[in-house]
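The following dialogue concerns how to read features from a structural model. Please examine the sequence and the coordinates before turning to the questions.

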Amino acid sequence: MGEDPIREGLRDTPARVARAYQELFAGLYIDPDSVLDKTFDESHEELVLVTDIPMYSTCEHHLLPFHGVAHVGYIPNAEGQVTGLSKLARLVDLYARRPQVQERLTSQVADALVRKLNPRGVIVVMQAEHLCMGMRGIKKAGALTTTSAVRGLMRDSASTRAEAIELIKAR
Ligand SMILES: Nc1nc2c(ncn2[C@@H]2O[C@H](COP(=O)(O)OP(=O)(O)OP(=O)(O)O)[C@@H](O)[C@H]2O)c(=O)[nH]1
């Protein structure tokens, strides 16, 4: 009699899973905020917005991917202190490496910008598909979740927020 098919199917699986998740979560100990250590003074006081940053993260409930795009914008402070555009994408990447929920990921990116750049306003919008809702459970592939976090002027001024949202929609 051959090997029990269930045992056979699962052979090496725990070790493979451990290796795969070790790789997935590599870099977990890097402080995401450190990517914003380098700033420069461009005397630019208007909105800086990077849209459609590809985002891949892992849902902390099911350890399945959620993926989509992030739009990250900020209004520099009176000194015009800005950071490199790539650093906004790096910030998203580093927070996304953690097992996450989308709401927390969105807020963490916004709060990091507030801490490190002291900007007048911040907006972060993420739109993602959660495979835990697509390939299992309720099985609604294609359902999209949108989350936003606004800080400072983006929260307090409806017209500033509307301008940023228009630019995100018009991309
Ligand atoms: N708010 C939020 N919920 C999430 C996120 N990722 C996954 N979830 C949800 O977390 C919930 C976990 O619910 P549980 O009842 O503990 O788990 P479950 O029995 O596997 O739930 P089902 O997915 O409905 O089968 C599910 O409703 C998921 O859809 C996220 O980023 N944000």
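Q: Among contacts in the protein chain between residues at least 6 apart in sequence, what percentage join residues at least 24 apart?
A: Two residues are in contact if their C-beta atoms, placed from the backbone, lie within 7 Å. In this chain, 72% of the contacts between residues at least 6 apart in sequence join residues at least 24 apart. This is a predicted model, in which local features need pLDDT of at least 70 and side-chain atom pairs count only at pLDDT 80 or more, while totals for chains, interfaces and linings use all residues. Residues are numbered from 1 along each chain as its sequence is written.

Q: How many helices and strands does the protein chain have, and which pattern do they follow?
A: Helices (H or I, at least four residues) and strands (E, at least two) are DSSP runs, numbered from the N terminus. The protein chain has seven helices and seven strands. Along the sequence their order is α-α-β-β-β-β-α-β-α-β-α-β-α-α. Taken along the principal axes, the C-alpha atoms fill a box of roughly 75 × 35 × 20 Å.

Q: What percentage of the residues in the protein chain is buried?
A: A residue is buried if 20 or more other C-beta atoms lie within 10 Å of its own, exposed if 12 or fewer, and partly exposed in between, with C-beta atoms placed from the backbone. Here, buried residues make up 28% of the 171 residues.

Q: How does the span of helix α2 stand against the span expected at 1.5 Å a residue?
A: The expected span of a helix is 1.5 Å times one less than its number of residues. Helix α2 (residues 13–24) has 12 residues and reaches 16 Å from its first C-alpha to its last, close to the expected 16 Å.

Q: Which residues of α3 are buried, and against what do they pack?
A: The buried residues of α3 are Lys 87, Leu 88, Leu 91, Val 92, Leu 94, Tyr 95 and Ala 96. Their packing partners are β2, β3, β4 (81–83), β5 (99–100) and α4.

Q: At what angle do the axes of helix α3 and helix α4 cross?
A: Two packed helices are described by the angle between their axes and the distance between the axes. Axes are lines fitted to C-alpha atoms, for helices over the stretch in contact, and angles run from 0 to 180 degrees between N-to-C directions. The axes of α3 (residues 85–96) and α4 (residues 102–117) come within 10 Å and cross at roughly 135°. The two helices are therefore oblique to each other; angles under 35 degrees count as roughly parallel, over 145 as roughly antiparallel, 65 to 115 as roughly perpendicular and the rest as oblique.

Q: Which residues make the contact of α3 with α4?
A: On α3 they are Leu 91, Val 92, Tyr 95 and Ala 96, and on α4 they are Leu 105, Gln 108, Val 109 and Ala 112. These residues divide into seven nonpolar, one polar and no charged. In this scheme, Ala, Val, Leu, Ile, Met, Phe, Trp, Tyr, Cys and Pro count as nonpolar, Asp, Glu, Lys and Arg as charged, and the others, Gly among them, as polar.

Q: Where does Asp 52 lie, and what is its phi?
A: Most residues other than glycine have a negative phi. Asp 52 has a positive phi, near 60°, and lies in strand β2 (residues 48–59). Asp 52 counts as exposed because it has 12 C-beta neighbours inside 10 Å.

Q: What is the phi of Leu 63, and where is its place?
A: Leu 63 also is not a glycine and has a positive phi, about 55°. Its place is in the loop between β2 and β3 (65–75). With 14 C-beta neighbours inside 10 Å, Leu 63 counts as partly exposed.

Q: With which residues is Arg 151 in contact, leaving aside its neighbours within four places in sequence?
A: Arg 151 is in contact with Ala 110, Val 114, Gly 121 and Val 122. Its place is in strand β7 (residues 144–152). Arg 151 counts as partly exposed because it has 19 C-beta neighbours inside 10 Å.

Q: Is Leu 144 buried or exposed?
A: Leu 144 is exposed, with 10 other C-beta atoms within 10 Å. Leu 144 lies in strand β7 and, beyond its neighbours within four places in sequence, is in contact with Gln 127, Ala 128 and Glu 129.
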